[in-house]
Amino acid sequence: MVVLMLGDVVGDAGCARVRKGLPALREKYGADAVIANGENSAQGNGILPSSAKYLFDSGVDVITTGNHCLRRKEINETLNRQNGVLRPANYHQSAPGSGVFTLDHPRFQLCVINLQGVVFMQQGKSPFDCIDALLDGAGTKNIVVDFHAEATSEKLCMGHYLDGRVSAVLGTHTHIPTADARILPGGTGYQTDIGMCGGFDSVLGIKKAQALYKMRTNLPTRFDNDPEDIRLSGAVLEIDTQTGKCLNIESFCFI
């Protein structure tokens, strides 16, 4: 089984680039399933029912999110419908939706789990304790974890903690792809951050002049998504469906 995962999709331009480029990516890698982090897919940030639908219509099978997923209240009903849009599983139990989704394919099942880190981020339940409980009920060995976290140390700890227990741990949130895609000793594919689908000549997908002003002055600043030079970043995994082990992992960044 080949699974392709796209990093954080940023705004309308990122969504449009996914729609334009995903068919060629699926063909290039022979992808059986596509996951995308859509927590910034709405213009500005957050995710809306319309941006989720746009990604699904573009060929995405499962949408993960992160710390911005509940910023737009309109998404709550979509999350509650359990249709493949996830929020971090370690959110408070009162949060709408679920952090786990199993994609049923004629040839395989793929369980996608969404977690959020707690280091330098809003506090939630321990992602380590949360994942232990979730794995017992996964129902398949083919498991991909989107770990949406700030600290590289926390992401690395999660990768090693889950090594041999899941097919892959792929980091999101920082929007910058890391050069450490590899298979850990126990057979788990890992990359600290798979990057974003957003403006390359920007600051994390935000127009750089606005980000610079905020960084220099620390004054309230309106951020706009940069619509230029949109690149698709992510990772592609080959998974042995009998064992759930990762056979190969490759990161990519395409203009």
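Which side chains meet in a salt bridge at 2.8 Å, N to O? Select Lys-155 and Asp-193. A salt bridge here is a side-chain nitrogen of Lys or Arg within 4 Å of a carboxyl oxygen of Asp or Glu. The pair links distant parts of the chain, 38 residues apart: Lys-155 lies in helix α5 (residues 152-162), Asp-193 in the loop between β10 (189-191) and β11. Both residues are buried (under 20% relative accessible area; exposed is over 50%, partly exposed in between, with a 1.4 Å probe and protein chains only). Helices (H or I, at least four residues) and strands (E, at least two) are DSSP runs, numbered from the N terminus.

This is a predicted model, in which local features need pLDDT of at least 70, side-chain atom pairs count only at pLDDT 80 or more, and totals for chains, interfaces and linings use all residues. Residues are numbered from 1 along each chain as its sequence is written, and side-chain values use heavy atoms, leaving out hydrogens and water.

**Other salt bridges**

The whole structure has 10 salt bridges. Select Asp-201 and Lys-208 next: their closest N and O atoms are 2.9 Å apart. Asp-201 is partly exposed at 45% relative accessibility, and Lys-208 is partly exposed at 39%. Then select Arg-81 and Glu-77, which form a salt bridge at 3.7 Å, N to O. Arg-81 is partly exposed at 48%, while Glu-77 is exposed at 55%.

**The open sheet**

Colour the six strands of the open sheet in the order β5-β6-β7-β8-β10-β9; their pairing is mixed. Strands pair if DSSP finds at least two bridges between them. At the edges stand β5 (100-105) and β9 (182-183), each with a single partner strand, so one side of each has no neighbour in the sheet. Inspect β7 (residues 143-148) and β8 (residues 168-172), which pair in the parallel sense over five bridges. Val-145 has Val-169 in β8 as its bridge partner.

**The largest nonpolar core**

Select Leu-4, Leu-6, Val-18, Leu-22, Leu-25 and Val-60, which touch the most other members of this 24-residue core. A nonpolar core is a set of buried Ala, Val, Leu, Ile, Met, Phe, Trp, Tyr and Cys residues joined through side-chain atoms within 4.5 Å. Helix α1 gives the largest share, five residues.

**Cysteines**

Finish with Cys-111, buried at 1% relative accessibility. Its sulfur is 12 Å from the closest cysteine sulfur, in Cys-130, too far for a bond. The structure holds zero disulfides (pairs of cysteine sulfur atoms within 2.5 Å).
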